[in-house]
Each structure stands twice: as structure tokens, then as C-alpha cells.
Amino acid sequence: QVDLVESGGGSVQAGGSLRLSCVPSSGIYYSRYCMAWFRQAPGKEREEVAYLDSDGTTRYADSVKGRFTISKDNPKNPLYLQMNNLQPEDTAIYYCAAEYYPVGACDYTRWGQGTQVTVSS
């Protein structure tokens with residue numbers, strides 16, 4: 001079962017932009033959440049790229065700071081990842097993850113199937 005559905009991946013040249021979207025497959029949104037975008041490149045471990053929660057806290061991996069923006073305008077909107085100035089090292093499968101009504105640390109129990117982002121030089 002896939003809890004989240006990502007879209008917006010594709011192939012771009014270096015310096016280009018993409019915007020990823022993530023929505024719940026159930027169509028049900030929650031007012032309390034922590035959500036994140038992860039990525040996994042071939043032969044590498046999965047890494048958290050950007051995080052956002054319903055308190056408004058955001059954080060980014062150092063490698064994407066200043067280039068990527070995570071957003072969710074309100075609880076009933078999709079989660080977005082705006083990716084600008086993409087570089088070949090950003091090539092990976094990007095996954096959306098979520099926890100609703102988290103208690104303590106965010107434990108991502110809901111995941112999407114991933115969307116491929118390919119950046120050519």
C-alpha cells in the first residue's frame with residue numbers, strides 16, 4: 001500500500017528547475033504532521049533533503065540549502081519541493097515521507113513510491 005503519491009520528477013539540464021508534489025493517496029489530510037523529502041541515488045544511502053512540520057519548522061541538507069524550498073501552504077495542500085539550480089549530483093529517486101500527529105521525534109511511517117529526478121550536465 002502506498003500512502004503518499006509523488007509527482008513532478010523528470011529530466012532537466014544542469015541549472016534547471018523542477019517542482020515535486022506529494023499528496024496522500026487516501027485524500028485525507030491531517031492538521032498535525034511532520035513531512036520530509038528524501039532522496040536515494042544509485043549506490044548511495046537514502047538521505048533527508050528537506051523537512052517541514054505543522055509548527056512551521058523547516059530544515060535542509062547542506063547540499064541543497066539555498067536551492068531547494070519545501071512548502072505546504074496549509075494542512076489541506078500538497079507538500080511541495082521546489083528545486084532550483086539543479087546539478088547532476090541531485091540525480092536520484094525522490095521520496096515523500098510523513099508522520100501524522102507525531103509524538104516526540106518524527107517517525108516516518110507513511111511513504112510514497114518515489115519519483116525520478118535526472119539532471120544532465
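**Exercise 1.** Is Cys96 buried or exposed, and what is its relative accessible area?

*Solution.* The structure is a predicted model, in which local features need pLDDT of at least 70 and side-chain atom pairs count only at pLDDT 80 or more, while totals for chains, interfaces and linings use all residues. Residues are numbered from 1 along each chain as its sequence is written, and side-chain values use heavy atoms, with hydrogens and water left out. Buried means under 20% relative accessible area, exposed over 50%, and partly exposed in between, with a 1.4 Å probe and protein chains only. With a relative accessible area of 0%, Cys96 is buried.

**Exercise 2.** Describe the disulfides, a disulfide being a pair of cysteine sulfur atoms within 2.5 Å.

*Solution.* By this rule there are two disulfides. Cys22 and Cys96 form one of them, with their sulfur atoms 2.0 Å apart; the torsion about its S-S bond is about -75°, so this disulfide is left-handed. Cys22 is buried as well, at a relative accessible area of 2%. Cys34 is joined to Cys106 by a disulfide with an S to S distance of 1.9 Å, and this link, with 90° about the S-S bond, is right-handed. Here Cys34 counts as buried at 1% relative accessibility, whereas Cys106 is partly exposed at 25%. Counting bonded cysteines along the chain, the pattern is 1-3, 2-4.

**Exercise 3.** Which residues touch the most other members of the largest nonpolar core?

*Solution.* A nonpolar core is a set of buried Ala, Val, Leu, Ile, Met, Phe, Trp, Tyr and Cys residues joined through side-chain atoms within 4.5 Å. The largest such core has 27 residues, of which Trp37, Phe68, Leu81, Met83 and Tyr94 touch the most other members. The largest share of this core, five residues, comes from β9.

Technical notes: Helices (H or I, at least four residues) and strands (E, at least two) are DSSP runs, numbered from the N terminus.
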